[in-house]
Structures are given as C-alpha cells and as structure tokens.
Amino acid sequence: WDPEPLASASIAQVHRARLSDGRLVAVKVMHPGLETRITGSMIALRMAFRLASIFFPTVAHDWTWLLPEFEDAIQLELDLVQEAVNCTRTKSLLRDFKLPVDTPQVIWPLTTRRVLTMHFVDNAHRVDDLDSHSRHGLNNAEIAQALVVAVATLAYEHGLVLADPHHANVLTQPSQKNNGKFTLWLLDHGLYRRLDESTRRTLCRLWEALASRQFGVAAEAAHTLGLGRTKEEALALARLMLTANLASDQSALGTELPKKDAVFAELKRLLPNGTSDLARLLRFAPRDLLFTLRSASLLRGQHASLGASRRDRYLAFARAASRGLCVPKIDDEKFDPDDPARFDALPSDVAAILLEPNRVLRPNHPVNRRTASEVFRATRSSSWLYEIRATLRLFVLISRIFLVEFYLTLRRYFFFIQQISWFSSCSIFLSSSSSSE
C-alpha cells in the first residue's frame with residue numbers, strides 16, 4: 001500500500017497497492033466524514049433556496065428544479081459500488097466494438113460503498129499529455145476520435161451517458177510493441193445517466209438529421225426534446241448547441257466556426273430574456289439531456305486540444321445515432337422493482353451485485369435499468385439482421401451527407417464564378433468607357 005495518493009478529488013483519492021497474490025491494483029477511497037459534510041451542505045443549500053423563494057421568487061422559480069437533480073447526482077456518486085457497476089457495464093458494452101477503449105477490471109470482493117478496488121493501469125499517461133503521445137509515436141487525432149466514438153456509442157446506441165469524460169479521467173496506454181497502437185482507459189464512472197428510450201431515439205434522429213441537413217426532421221426532433229417553444233427556435237438552438245452552427249449557416253457540417261459576436265447575437269435573438277429564458281429551456285428539457293450536453297461539451301474541449309477536426313467529431317455522433325436507431329425498441333414503463341429477473345440482461349456479476357441486499361444504495365435507480373441494446377444483446381436472436389440494417393442505414397446517411405456537401409461545394413463554386421464574371425464585366429465596361437473618352 002502506497003500512502004501517497006496518485007490522485008485526489010472532492011469525493012475520494014486513489015492509492016496504488018499490491019494484493020497478496022501479487023496483482024497491482026488502484027484503490028479509490030472516499031474521504032473520511034464526507035457524507036456528514038455533504039448532508040450539512042445539502043441542508044444549507046435547501047435553506048438558501050427557501051430564502052431565495054421569499055426574497056427572489058422569480059429566480060427561485062426558474063432554478064428550483066436544479067436542486068433535486070443535484071441531490072440525485074451526489075447520492076449516486078457517494079456509492080462506490082454503484083460506480084463499480086457502471087464501470088463493469090461500460091466494459092461489457094464496449095467489448096463488442098473494435099475500439100481501443102476499455103475500463104479497468106473491478107475487484108468485487110474488495111469493493112464497498114466507501115472503497116473501490118480495480119486493476120491498476122500501468123505505463124499510461126493522461127490523454128492530454130501531448131509530449132508523451134509524441135514520444136511514443138501516437139497519433140493525437142486517432143486518440144481523440146477513439147474517445148469520441150466510444151462515448152457517442154455508449155450514449156446513442158446503448159443509452160448510457162458517461163457524463164464526466166474530462167482529461168483527468170482518461171489515460172492513454174501505448175502498446176508495448178511501440179507500433180503506434182494504444183488503449184484508452186476510462187477511469188471515473190461515478191456520474192452516469194441512462195437515457196429513456198424516447199429521449200435516446202429522438203436524440204438519434206436529431207443528430208442524423210443535422211448531419212444530413214434534413215432540417216424539417218431535425219426541427220421536429222428538437223421540438224420534441226423541448227429545446228424551444230417553436231420548431232424554428234428549437235432547430236436554431238439545436239444547431240447552435242450541438243454543431244456550433246447558426247440558423248443562417250449554409251456551410252457543410254463542421255467546416256466553419258462562427259465568430260463569437262455572431263454566436264452572442266444568435267443567443268440574444270433566441271433567448272431575449274437571458275438567464276430567465278435559459279432556465280425555462282432547461283426546466284422543460286429531459287433531465288438526462290442536460291448530462292448528454294455536458295458530456296458533449298467536455299468531449300469538444302478534449303477533441304480540440306488534441307488537434308482533431310470538428311467534422312470528424314460530428315460524424316462520429318451521427319454514425320452512432322444511425323446505429324442507435326436500428327436497436328429494437330423496448331418499453332421503459334415495464335419495470336417491476338420487485339421482479340428478480342429485472343436485471344437479467346445486464347452482465348451476470350453486475351446483476352448479482354444489484355440483487356444482493358444492501359450492497360448497492362439505490363439498485364432500482366433508473367441508471368441501473370437495462371437498456372434496449374442490452375436486452376437485444378442478451379437475446380442475440382437476430383444480431384446479423386441488426387448489423388445488416390445498421391450498415392444499410394449508415395450507407396444511406398453517408399450518401400446523403402456526401403450529396404449535400406457536393407451540392408454546397410458546387411453552389412459555392414458557381415457563386416465564385418459569378419463573382420469573377422461580374423468583376424470581369426465591370427472591368428471591361430470601365431476600360432471601354434475610359435478608351436472612348
């Protein structure tokens with residue numbers, strides 16, 4: 001046991017240790033007395049909201065919905081067994097994809113609500129350590145794209161949102177063969193959300209439509225998600241939040257970034273009352289959508305810092321969304337908290353832990369419900385048919401994107417030719433006028 005922590009955050013710190021059988025492990029230990037301090041902080045926060053409702057009733061009304069969301073997230077993060085469950089589910093979901101992304105193996109006998117023990121990831125560095133990438137001959141853009149594809153696949157195809165994928169929670173492990181290969185390790189799994197089927201499929205339709213510029217479909221999906229009072233407003237906000245495009249933007253996906261002044265002007269147009277309109281927007285949108293936007297925002301920063309293109313990131317989201325629409329639907333309402341088979345589609349060790357009395361603080365929380373892809377993967381009745389459907393849908397999506405971008409390129413080219421012709425005509429006219437004089 002190494003008494004010096006490898007890392008420390010607000011909830012826990014991580015130590016390196018070696019088991020009696022010689023295995024190297026990482027031990028995440030919750031800070032002493034943390035639950036008591038957080039309980040006191042939550043009481044103070046509730047009192048602050050009550051006082052605000054008296055002295056600032058409008059502000060309190062706009063943001064009161066945020067308090068139960070914050071309390072729910074904190075309670076989940078204070079249970080390290082829940083984090084172990086999330087970690088193991090993610091490992092299982094990513095296993096079928098040929099991605100260099102993984103999660104550490106959980107040591108269940110040495111994991112409790114206050115202590116999480118996992119296999120130690122050796123010879124690795126942080127994902128934003130560009131110098132180490134260069135020394136090992138790693139491609140930054142490939143690393144960035146692997147991370148985005150993994151998180152997008154989790155969210156849109158599987159319905160699990162990794163809400164905290166910032167750089168300190170991701171390690172890059174170069175291959176021992178020094179051949180430019182690598183493995184990305186996702187370390188922190190405390191903050192997850194499970195998208196309900198309706199929200200997941202609507203988000204998938206939105207991403208697919210935005211990528212192929214089917215703005216009618218995109219407007220319908222964005223309005224269904226509550227991103228605006230009208231379809232036009234919802235589409236404009238969706239384009240701005242997801243693809244950083246203005247409503248008037250005619251460029252191809254991810255090719256042009258609007259200037260800050262134009263973005264602020266667009267926000268002022270869409271949210272004329274500022275924070276009040278923003279609070280209304282967030283209050284009526286699906287709660288899990290907020291965590292999805294947070295995850296996308298963190299990925300955007302990492303992707304940019306690694307020098308990868310915005311277009312590749314957007315296409316990764318669109319591809320994951322396209323595959324996600326091919327996953328057979330399930331009925332989210334059919335969840336019986338007393339049914340012993342309610343976790344059958346989950347990995348067997350996860351299901352056993354969730355069914356064990358008093359092992360997980362909130363086993364029936366929505367985040368632990370099986371997703372549509374997990375139910376489908378458990379049956380495996382028509383996996384080949386799913387792959388065919390997903391491949392065909394993806395082919396149609398890529399074809400649409402290609403045709404749209406080809407059309408936009410031609411239009412820009414002809415506009416450029418027209419401008420040259422106009423200037424040439426003007427110069428000829430001026431020349432002839434001057435010679436006649």
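The model is predicted, so local features need pLDDT of at least 70 and side-chain atom pairs count only at pLDDT 80 or more, whereas totals for chains, interfaces and linings use all residues. Residues are numbered from 1 along each chain as its sequence is written, and side-chain values use heavy atoms, with hydrogens and water left out.

**Helix pair α7 and α13**

Two packed helices are described by the angle between their axes and the distance between the axes. Helices here are DSSP runs of H or I with at least four residues, strands are runs of E with at least two, and both are numbered from the N terminus. The axes of α7 (residues 197-211) and α13 (residues 310-324) cross at roughly 130° and come within 8 Å; axes are lines fitted to C-alpha atoms over the stretch in contact, and angles run from 0 to 180 degrees between N-to-C directions. The two helices are therefore oblique to each other, a class left over once angles under 35 degrees (roughly parallel), over 145 (roughly antiparallel) and 65 to 115 (roughly perpendicular) are set aside.

In the contact (heavy atoms within 4.5 Å), Arg200, Arg201, Cys204, Trp207, Glu208 and Ala211 of α7 meet Tyr314, Phe317, Ala318, Ala321, Ser322 and Gly324 of α13. By class, seven of these residues are nonpolar, two polar and three charged; Ala, Val, Leu, Ile, Met, Phe, Trp, Tyr, Cys and Pro count as nonpolar, Asp, Glu, Lys and Arg as charged, and the others, Gly among them, as polar.

**Salt bridges**

A salt bridge is a side-chain nitrogen of Lys or Arg within 4 Å of a carboxyl oxygen of Asp or Glu, and by this rule the count comes to 22. Three of them are tabulated here.

| Pair | N to O distance |
|---|---|
| Glu35 and Arg114 | 2.8 Å |
| Arg46 and Glu71 | 2.7 Å |
| Arg393 and Glu208 | 3.0 Å |

Glu35 lies in helix α1 (residues 34-55) and Arg114 in the loop between β4 (101-102) and β5 (115-119), so this pair ties together parts 79 residues apart in sequence. Relative accessible area is taken with a 1.4 Å probe on protein chains only; under 20% is buried, over 50% exposed, and in between partly exposed. Glu35 is partly exposed at 31%.

Arg46 is partly exposed at 34%, whereas Glu71 is buried at 18%. Arg393 in helix α16 (residues 383-436) and Glu208 in α7 link parts of the chain 185 residues apart. Glu208, which also belongs to the contact with α13, is buried at 8%.

Finally, a network of salt bridges links Asp72, Arg193, Asp288 and Arg362.
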